[in-house]
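Here is a short briefing on a core and its salt bridges. Read it alongside the sequence and the coordinates.

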Amino acid sequence: MAVAAVLGAEQMAQLPVGNRVNFQLFREAKVGTSLRIGGRFASTGLLTATDGGAVSVLPGEGLDVSTDALATSAAFIEVVGVKEADGVIRAAGVVPLPAGDVDTELWDEAVKLLHLPQLRHMFAPATDVEVAMM
């Protein structure tokens with residue numbers, strides 16, 4: 001099974017760990033927040049999220065998704081970046097999933113579960129204090 005290369009790995013490493021979101025949760029996030037949103041490029045620079053919303057993807061420094069096969073394929077990807085404005089994410093990187101069908105409904109439901117107050121602590125990044133106590 002061929003997997004396309006991750007774009008922007010170095011840039012993504014510079015960001016804090018971002019929450020996974022769908023379009024609805026993206027809209028609720030504050031500008032400047034590090035996020036990860038899954039979906040497919042509908043056209044160059046326009047990501048259709050798992051819940052059907054569209055997010056404009058602006059490439060970050062050194063990242064060019066417009067000429068890459070990801071921008072024109074139907075591959076499922078996760079864009080990692082920072083919310084720049086309503087409906088706009090500045091991409092630090094793009095992570096393609098292996099070729100094949102992705103159950104977008106299941107992905108979307110999993111993302112929603114990550115944000116439930118009862119489960120959030122299980123998925124939130126560990127703080128430095130928590131890591132030191134382990």
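The largest nonpolar core has 23 residues. Phe26, Ile37, Val57, Val79 and Ile89 touch the most other members. A nonpolar core here is a set of buried Ala, Val, Leu, Ile, Met, Phe, Trp, Tyr and Cys residues joined through side-chain atoms within 4.5 Å. This is a predicted model: local features need pLDDT of at least 70, side-chain atom pairs count only at pLDDT 80 or more, and totals for chains, interfaces and linings use all residues. Numbering runs from 1 along each chain as its sequence is written, and side-chain values use heavy atoms, with hydrogens and water left out.

- Two or more core residues come from each of helix 2 (23-28), strand 2 (34-43), strand 3 (46-49), strand 4 (54-59), strand 5 (77-85), strand 6 (88-96) and helix 4 (104-114).
- Helices (H or I, at least four residues) and strands (E, at least two) are DSSP runs, numbered from the N terminus.
- Ile89 touches Phe26, Leu35, Ile37, Val55, Ser56, Val57, Leu58, Val79, Gly81, Val82, Lys83 and Glu84. Residues up to four places away in sequence are not counted. Contact means heavy atoms within 4.5 Å.

- The structure holds 5 salt bridges (a side-chain nitrogen of Lys or Arg within 4 Å of a carboxyl oxygen of Asp or Glu).
- Arg20 pairs with Glu78, with the closest N and O atoms 2.6 Å apart. Arg20 is in strand 1 (residues 19-21) and Glu78 in strand 5, so the bridge ties together parts 58 residues apart in sequence.
- Arg20 is partly exposed at 28% relative accessible area; Glu78 is buried at 6%. Buried means under 20% relative accessible area, exposed over 50%, and partly exposed in between (1.4 Å probe, protein chains only).
- Asp86 and Lys83 form another salt bridge, at 3.6 Å from N to O. Asp86 is exposed, with 67% relative accessibility, whereas Lys83 is buried, with 2%.

- Lys112 bridges to Asp108, the closest N and O atoms being 3.5 Å apart.
- Both residues, Lys112 and Asp108, lie in helix 4, 4 residues apart, which is about one turn of the helix.
- Lys112 is partly exposed at 35% relative accessible area. Asp108 is buried at 7% relative accessibility.
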